[in-house]
Amino acid sequence: MTSRSSHLAVALSLLMVVSVVGAAAPAAGADGGPGETGHGPAAVDAGHGPAAPDAVAPGIGGPDTADTVTRSADTVVVDDDGTGDAQTITQGVSEADDGDTVEVRPGTYEESVFVDANVRLVAPDGATLDGSSLSGENDAIRFAEGVAVDVEGFTVTGYAVGVALPRRSPAAGTLRDLTVRDNVIGVDARGAGYDWTLADATVEGNDRVGVGAVGATGDWELADVTLRDNGEEAVEAQGTTGDWAIADATVEGNDAVGVRANAAEGDWSITDSVVRNNGESRSDNITEPGIAAGDATGDWVVSNTTVAGNDHGIDASGTSGAWSVVGSNVSANTFRPERGQSGVNIRAIGATGDWSVHDTRIADSIVGIAAERSTGDWRVRHANVTGNAVGVLAADTGGAWTIHRTGITDNAVNGVDAEGASPAGDATRNWWGQASGPGPDQCVGNVDCGESLGQPANQEIDECTVVDQPGRYEVVADLSSDGTCIEIAASHVTVDGQGHSLTGTDPASDSLGVYANGSAGGLTGVTITDLDMSGWAHNGFGESGHAVRFEGVDDGEVSGVEITGGDYGIRLIDATGNRLADNEIDDATFGQAALALESGSDGNTLVDNTVLDADEYGVTVVSSSDNVFRANEIGWSSADNVRVVRGSGGNTFADNVVHDSRWGGTGSAGFSIGGGSDLTIRNNTVTGNNGAGIYISQAGSRYTVRDNTIEANGGKGIAVSDAGAATVRSNTVVGNGNTGIRLRDNGGHAVANNTVADNGGWGVSLRGVTDSDVTDNAVERHPDGGIRLEGGSSNNRVTGNAVENVHTRGTITWPTGIELTDAHDNRLSRNTVVNSYRGIHVTDGSSGNALTDTGVYAAGSGTRALALDGASGTTVESLDIGDSTAPNTTLSFEGSDVRISPADTAPSNPNGAGIGRLFNATSLGPDAYLDVTLHYEAGDATGVGESTLSLWTHDGSAWTEAGGATVDTDARTVSANLTAFGTHGAFGSSP
C-alpha cells in the first residue's frame with residue numbers, strides 16, 4: 001500500500017468538519033414541539049391552537065350563522081352559497097353523525113373546523129380553507145381525541161396548523177388530495193398512536209415544519225407527495241417507534257433537513273423519491289442533511305431515490321439498526337460555511353449496526369462515504385464513487401467491511417482511505433480508472449485493493465453504442481436513434497436505463513432499441529432494466545422494428561421496461577432461460593406481436609408483465625417450449641391475445657388476466673393454441689375476448705386447462721379441436737357467446753368438475769370425440785341444451801353431471817338436457833337433468849348407447865324426459881323421471897322411436913287398483929317399441945295383490961292390459977314389451 005500523499009493534510013483540515021457537523025442535533029422532541037428547538041409560539045407548541053370549543057364563536061362558522069337544517073341521510077352537503085345542507089363546514093360537521101360524510105362543495109371557507117365525530121370530510125371538486133383573516137392562532141382542521149381521520153380534497157392556507165391529527169383514533173387515518181401551504185405548520189401528527197396515510201398531497205411554503213410526526217407510535221405513510229419550500233424540516237420523524245414509509249415523494253428546497261429520522265426506533269423506508277436542495281438557504285452554519293437518520297435504532301432502506309444538493313446527503317451516524325442505500329443517486333451534497341467547504345454524501349460515522357450501499361452513484365462531494373469509527377459490518381457493491389475529494393473514508397473502522405465491483409475514480413485526494421482500520425478492509429475487484437489497478441494515493445491504509453477489474457464495473461452510456469465487454473452499464477441520458485441504439489455483443493452485461501428514454505426516430509430504417517446479439521455464437525447473462533422505449537418501428541415491406549431483441553441469449557433478464565408503440569415490443573429468438581418481469585408493452589401498432597418467443601426460445605419465465613392494445617397479437621410463442629407465463633395482463637389485442645403454434649410444447653400459463661381481444665371469430669381468442677403438447681393453462685381469468693376464451697387445435701396432446709375463469713367471451717368458452725388427451729377441470733365457464741366447452745375430432749379427454757352456465761349455445765359439446773370422460777360438471781341455463789354428443793362421438797363416459805336447463809325468464813328457448821346425435825356406444829350414468837323442455841334426446845342414427853341411474857326432472861313446461869328418435873340399441877337402466885302420483889318413478893327399458901315423459905294423473909282404471917306409478921310413452925315412428933320395466937317400492941303395493949300387478953295402457957279412450965306383462969315381486973318390477981302407446985301404469989287386483 002502507498003502512504004498518504006503530502007497534500008492529505010489539506011484534505012484532513014477540510015474533513016474535520018465532517019466529524020462534527022450535525023452532531024449537535026437536540027434530542028428528538030425534547031420540548032414536545034414539532035422540532036428539537038421549540039418551533040412556534042407557546043400556543044402552538046402546547047397543542048396547536050385553543051382548546052376544543054364547546055361552541056364555535058360567531059363569525060367563524062358556528063351554528064348561529066344559519067338555521068337548523070334538514071339533511072339527506074348519510075351525507076351532509078356544505079355549500080357556501082346556501083344551496084346545501086349547511087353553509088359552513090363547522091355546521092356540516094355538527095350536523096353529521098358517526099359514519100356520515102360531510103361533502104364540501106367548491107368555495108373558500110374562512111373558519112377553523114373542529115371534528116369531533118367519526119365522519120369523512122371530503123371536497124370532491126376541491127375547496128379552500130383560508131385562515132388568513134381569522135384572529136388568533138387557529139388550526140384549519142383539528143380532530144378531537146379518539147375520532148377517526150378521513151380528509152380529502154382541500155387546500156388549506158393561512159393557519160397555525162393546517163391539519164392537526166389526534167393522538168388517539170379508533171381506525172387508520174387517511175389524508176388525501178390536499179394542498180397545505182403558507183401555514184405555520186403543515187400537518188401535525190406528533191405522537192399519533194395509530195396508522196395513518198398522507199397521499200397525493202402538496203405541503204409547501206409553511207413557516208416551519210411541513211409534516212411533523214415526532215414520537216409517532218403508529219405506522220404511517222407518505223405516498224405521492226410534494227414537500228417543498230418549508231421554513232424548517234419537510235418531515236420530522238425523530239423518535240418514532242412505529243414503522244413508516246415515504247414513496248414517490250419530492251422533498252425539495254426546505255430550509256432545514258429534508259427528512260429527519262434521528263433516533264427513530266421503528267423500521268422505515270424512502271423509495272422512488274427525490275430529496276434535493278434542502279438546507280441551502282440557511283445562514284446558521286448548521287449542516288442540514290437531505291435525510292438525517294443519526295442514532296436511529298430501527299432498520300431502514302433508501303431505494304431508487306435521488307439525494308442531491310443538500311448540505312449532507314444521508315446522515316446515518318451512530319445508527320445501530322441495519323440499513324441500506326440501493327439503486328439511488330447520492331451526489332453533490334455540499335455545505336459552505338464561512339470557515340470552509342464540507343459535505344458528505346453518505347455519513348455513517350460511528351455506526352454500530354450493519355449497513356450496505358448497492359447500485360448507487362456517490363459523486364461530487366467532499367467525502368463520498370464517511371465510515372470513520374464505524375464498528376458494524378458494512379459493504380459497498382456495484383456503486384460508482386467518483387468526483388469526490390475522498391471516495392470512501394474508512395479511517396479507524398472496527399467492523400468487517402468490503403467494497404467490490406465498484407468504480408472508484410476521479411476522487412481528488414484518495415479513492416479509499418483506511419488509515420487505522422482494524423481489521424483490514426477488502427476493496428478487491430474494483431475499477432480504479434485504469435486496468436493496472438489503483439494509482440498513487442487511490443488506496444491508502446489498512447485495506448487490500450488487489451485483483452482490480454480491467455474495466456469499469458459500472459460504465460455510463462450517454463449515446464447509442466455497441467457494448468462489447470462484460471460489465472454493468474448505466475444509461476445516463478435520454479437517447480434516440482434512426483438505427484440500432486444499444487447493441488450488446490458480450491456476455492454478462494447489465495444495462496440499467498435508470499428510467500431514461502430510448503426513442504426510435506425513423507420508421508423507414510431497420511430500428512432496434514436494444515439488441516442483445518448472440519447470433520454468432522450465443523450470449524449469457526444479459527440484463528436490461530428500467531428503460532422507457534418508444535417508436536421502434538419499421539414500415540418497410542417484410543421488415544420489423546424491435547424495442548428489445550434477444551437473439552441467442554441465455555439466462556438473461558428484461559425487467560422494468562416500458563415500451564410504447566412500434567413493432568415488436570420484446571422478441572426472443574433462440575433465447576433460453578431468460579426472465580421477463582414487470583415490463584409494460586402498450587400499443588404495438590405495426591402488425592407484429594407485442595411480445596414474441598420464437599425459434600427455440602425455451603425455458604423462459606415471464607411474470608408480472610402488462611401487454612395491452614397490440615395491433616396484431618399480444619403474445620406469440622412459436623416453436624418454443626417449456627416457458628412459464630405467470631401473473632401477466634394481456635388485453636385489447638386486435639388478434640389473439642395469446643397465440644401458441646408450431647410444436648411449442650410444455651408451456652405453462654398461470655394466474656394471468658387475458659381479456660378483450662378485438663376481432664370476431666376464432667381469430668381473436670383469449671388463448672389460441674395451434675400445436676405442441678403438454679401445455680397447461682391454469683388459474684387464469686379469460687374474459688371479454690371477441691372470439692373463444694381458449695381455443696386449442698392442430699393435433700397436439702396432453703393439454704391441461706384447469707381452475708380458470710372464462711367469462712363473457714364472444715365465442716366458445718373452451719374449444720379443443722384435433723387435439724388429444726385434454727384435461728378440462730374445475731373451470732368456471734360463464735356467459736360466453738357460444739358453447740361453453742366444446743371438444744371435437746379426437747379423444748382421451750377428461751372434462752370434470754367444471755361450472756358451465758349461461759353460455760350462448762350448448763353447455764358441453766363433443767363432436768367426433770372418442771374414449772373421453774365428462775364427469776361431475778354443473779351445467780346450467782343454455783339455450784340449446786346442457787350436454788351434447790354428436791358427429792360420431794363414441795365410447796365416451798358421461799357420469800355424475802348435474803344439468804339444469806330452466807330457461808331465463810323472458811327468453812324463448814327449447815333446450816335439451818343431454819342429447820346424443822349420431823353417437824355410439826357411449827355410457828351415461830348417475831347424471832341428473834332438470835329441464836324445461838326435453839330431458840334426454842337420443843337421435844339421428846345413434847346406436848349402442850347405455851344410460852344408467854339417471855334422473856330427469858321436469859321444470860316449468862318440461863314434459864319430455866327421454867326420447868329415442870331414429871336411434872337403435874339404446875339401453876336404459878334406472879331412469880328416474882320424477883314424480884307421478886308417487887315420487888321418483890323409475891324405468892328401465894330398451895326401445896326405438898319412442899318418447900318417455902312423466903304422468904302425474906291418469907283416468908280411473910275400472911279393471912284394477914293402481915300403485916301410483918305412471919308414465920307417458922309416445923310413438924315417434926312406425927317401428928316404435930318399448931321393452932320396459934317399471935320399478936316400484938314396497939309401500940306402493942299396499943291394498944293391491946302384488947302378484948296380480950300388470951302394465952296397462954290408456955290410449956286416450958280406454959285401458960288395456962299389455963300383452964305378456966310380468967311381475968317380479970322380489971325385484972319389485974313390472975315389465976312388458978309395449979307397441980301401443982299412451983299413458984302407462986301398474987295396476988292389480990285388490991287382495
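Of the 991 residues in this chain, 57% count as buried, and the model that shows them is a predicted one. The chain contains three helices and 100 strands, and its accessible surface comes to about 34600 Å², with 43% of that area belonging to carbon and sulfur atoms. Among contacts with a separation of 6 or more, 57% are accounted for by residues 24 or more positions apart.

**Salt bridges**

- The structure holds 32 salt bridges, and the pairs described below are among them.
- D150 forms a salt bridge with R176, in which the closest N and O atoms are 3.0 Å apart. Because D150 belongs to strand β7 (residues 150–157) and R176 to strand β9 (residues 173–176), this pair ties together parts that are 26 residues apart in sequence.
- D150 counts as buried because its relative accessibility is 18%, under the cut-off of 20%, whereas R176, at 21%, counts as partly exposed.
- The side chains of D315 and R347 also meet in a salt bridge, with a distance of 3.3 Å from N to O. This pair links distant parts of the chain, since D315 is in strand β24 (residues 312–315) and R347 is in strand β27 (residues 344–347), 32 residues apart.
- Both partners of that pair are buried, D315 with a relative accessibility of 6% and R347 with a relative accessible area of 4%.
- R767 and E790 meet through their side chains in a salt bridge of 3.1 Å, N to O. R767 lies in strand β79 (residues 762–767) and E790 in strand β82 (residues 785–790), so parts of the chain that are 23 residues apart in sequence are tied together by the pair.
- In this pair R767 is partly exposed, with a relative accessible area of 30%, while E790 is buried, with a relative accessible area of 9%.
- Salt bridges that share partners join R120, D150, E152 and R176 into one network.

**A negative surface patch**

- Nine residues need naming here: D478, D532, E562, D582, E584, D586, D587, D608 and D615 form a negative surface patch.
- One of these residues, D608, is found in the loop between β59 (605–607) and β60 (610–612), and it counts as partly exposed because its relative accessibility is 39%.

**The surroundings of A752**

- A752 is found in strand β77 (residues 750–752) and is buried, with a relative accessible area of 7%.
- Leaving aside residues up to four places away in sequence, A752 touches V728, R729, S730, T775 and N777.
- A752 and D773 are 21 residues apart in sequence, and their C-alpha atoms are 7.6 Å apart in space.

Key. Residues numbered from 1 in each chain as written. Predicted model: local features only at pLDDT ≥ 70, side-chain atom pairs only at ≥ 80, totals over all residues. Heavy atoms only, no water. Patch = residues over 30% accessible without salt bridge, like charges linked within 9 Å, V, L, I, M, F, W, Y side chains within 5 Å. Areas by Shrake-Rupley, 256 points an atom, 1.4 Å probe, with all protein chains shown as cover. Salt bridge = Lys/Arg side-chain N within 4 Å of Asp/Glu carboxyl O. Lys, Arg positive; Asp, Glu negative; His and termini not counted. Charge placed at Lys NZ, Arg CZ, Asp CG, Glu CD. Helix = DSSP H or I, 4+ residues; strand = E, 2+ residues; numbered from the N terminus. Buried < 20%, exposed > 50% of the residue type's maximum accessible area, 1.4 Å probe, protein only. Contact = heavy atoms within 4.5 Å.
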